[in-house]
Amino acid sequence: MQNQAAFEISALQPALPPQQAVTLKVNGQEKTIKLAPWVSLLDALREYLQLTGTKKGCDHGQCGACTVLVNGKRINSCLTLAIMEEGNEIITIEGLAKGDELHPLQTAFIEHDAYQCGYCTPGQICSAVGLLAEGKAKTTADIKELMSGNICRCGAYTNIVSAIEEVIQKGGQAHE
Amino acid sequence: MNSFTYTRATTLETAVQDKASAELAKFIAGGTNLTDLMKVNVEGPNHLIDIRQLALKDITDNADGGLRLGALATNADTAYHEQVAKRYPLLAKAILAGASAQLRNMATNGGNILQRTRCYYFYDTATACNKREPGSGCAALSGFNRIHAILGASEHCIAVHPSDMAIALAALEANVNVTGQQGNRTIPFSDFHRLPGDAPHLDNTLQPDEIITSIDLPAKGFAQHHAYLKLRDRESYAFALVSVAAGLEMDGDTITEARIALGGVAHKPWRNREAEDLLTGKSATEENFKLAAAEIMREAKGYEHNSFKIELGKRAIMRALEQAVKMSNKPDSHFHRTSTEPV
């Protein structure tokens, strides 16, 4: 019976995409994993590299919970394939602190109570890191507009904006 | 998502050959729309050709005084490019009115104008959609069609094109440069997207073996008098119900040239040359703007849930034209409104 089952499974194999070795550089460390081309960067981070700080919200680029930084720019990790990001520098929420020293935005989010359930927070913070690096947010209205790709269902927006505003006022993008 | 293979193209030639040799192959760059459509089984390529390594990212001056936007320049890099912001602020504003910062960092210029409709029925494989499955019918015709077309639609499809960038490119009369197995060709922007007719599965006139290499902006950028007005259900990160890209050339109070392109109302960026001609040589008055708006909407047809777009569209056109005129720093602007209420 066991052989029979093994045969049936192997007969199904051609329908599955072949796995390929992909080397991802995440938070400064290179890791090689075997995955199918259809694995999103988000799923690779969470399911293959056990970096579960990056969250899966909508999986369609509408909520921003999966935001990470690729080559310093914020993107939706659910809408890119892991295999496409080979060779790029990927930073996730786990890579922002320097040892025990939090990123200024992480500190500001705590001080401003910029979350309730916390599910959107890693995406909010990574998005805000990208916003600081872009240097386009000059006003509170700019912050709101340029953070609109991150949804917070708890509605912590007021404190999220305050946290980001404080970091900008203190000189922006320290800690890179 | 269905199974597929993946390669990275290193030259334009191999990318085109690779695509032509596999019938169900697709190019991928930003991936923001294609990946999503693959997840919901609307797109099912068996082979993906990653073109992001190709040297098509630059934004450079053209000899005619215009600007060439590389097909692989991201929407963010394009909108914030010094020359685009300075000479083509209408385009920069339209790009920044679309999507989110994350998506603009991923999405490319070529991909932006190739993105597909966000019609609910196109996305829902349980319903009829001639664009997704030719011959299956159009569920939107008698369905929830609040976001759908009021101009240029057919009995086969009432989907709208979702791009903001494309609306500005239509107003600016950009040209799309493509290359394929037959060589290079240039497609005027007004001929790039198409109306649905009886073949709504074809969004545009790009051939299967062709790839967009760049988009050329003519020298005239309407930097002095322009507006991109986008009306939507929420203030940010939503598709347009109606959007208007307006560009004016003015001589004092007189309009010497007018461009008006509408988004959210048709299968392609909508322009009406007769309406634009109505404004040429005329004063920038509310009355003249009203005549142009009426002409643009003359053949508009609403469905059960979207008839509001006809009046909304007229008011949006008038307001965009007013905004385009008011950009002038002249204190004695001759355009006067009697009310401060939104149009």
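Guide: A helix here is a DSSP run of H or I with at least four residues, a strand is a run of E with at least two, and both are numbered from the N terminus. The model is a predicted one.

Visitor: Where is A:Ser40, in those terms?

Guide: A:Ser40 sits in the loop of chain A that runs between strand E2 (29–35) and helix H2 (41–48).

Visitor: What makes A:Ser40 buried or exposed?

Guide: The relative accessible area of A:Ser40 is 4%. Buried means under 20%, so A:Ser40 counts as buried.

Visitor: What makes the pair A:Ser40 and A:Asp43 a polar contact?

Guide: A polar atom of the A:Ser40 side chain lies 3.0 Å from the backbone nitrogen of A:Asp43. The cut-off for such a pair is within 3.5 Å, and 3.0 Å meets that distance.

Visitor: How do you know that B:Glu173 and B:Arg271 form a salt bridge?

Guide: The closest N and O atoms of B:Glu173 and B:Arg271 are 2.8 Å apart. The rule asks for a Lys or Arg side-chain nitrogen within 4 Å of an Asp or Glu carboxyl oxygen, so the pair qualifies.

Visitor: Why is B:Glu173 called partly exposed, and what is B:Arg271 called?

Guide: B:Glu173 has 32% relative accessibility, which falls between the 20% and 50% limits, so the label is partly exposed. B:Arg271, at 13%, is under 20% and therefore buried.

Visitor: What makes B:Lys220 and B:Glu257 a salt bridge?

Guide: Their closest N and O atoms are 2.3 Å apart, which is within 4 Å. B:Lys220 lies in the loop between strand E8 (211–217) and strand E9 (226–231) of chain B, and B:Glu257 in strand E11 of chain B, 37 residues apart.

Visitor: How far apart along helix H13 of chain B are B:Glu311 and B:Arg315?

Guide: B:Glu311 and B:Arg315 are four residues apart in H13, about one helical turn. Their closest N and O atoms are 3.0 Å apart, and they form a salt bridge. B:Glu311, at 38%, and B:Arg315, at 41%, are both partly exposed. Elsewhere, salt bridges with shared partners link B:Glu173, B:Lys220, B:Glu257, B:Arg259, B:Arg271 and B:Glu276 into one network.

Visitor: Which residues of helix H12 (residues 286–296) of chain B are buried, and how do you know that they are on the same side?

Guide: B:Asn288, B:Phe289, B:Ala292, B:Ala293, B:Glu295 and B:Ile296 are buried. They span an arc of only 160° around the axis, which puts them on the same side of H12(B). B:Glu287 and B:Lys290, on the other side, are exposed. The buried residues pack against strand E11 (254–263), strand E12 (270–271), helix H11 (273–279) and helix H13 (308–326) of chain B.

Visitor: What makes B:Asp77 and A:Lys73 a salt bridge?

Guide: Their closest N and O atoms are 3.3 Å apart, which is within 4 Å. The count between chain B and chain A is three salt bridges. The contact takes 32 residues from chain B and 33 from chain A, and the two chains bury about 2700 Å² between them, 53% of it on carbon and sulfur atoms.

Methods: Residues numbered from 1 in each chain as written. Chains lettered and ligands numbered in written order. Predicted model: local features only at pLDDT ≥ 70, side-chain atom pairs only at ≥ 80, totals over all residues. Heavy atoms only, no water. Buried < 20%, exposed > 50% of the residue type's maximum accessible area, 1.4 Å probe, protein only. Arc of directions from axis to C-beta. Contact = heavy atoms within 4.5 Å. Buried area = accessible area lost by both parts, 1.4 Å probe. Polar contact = N/O pair within 3.5 Å; in protein donor to acceptor, adjacent residues only side chain to side chain.
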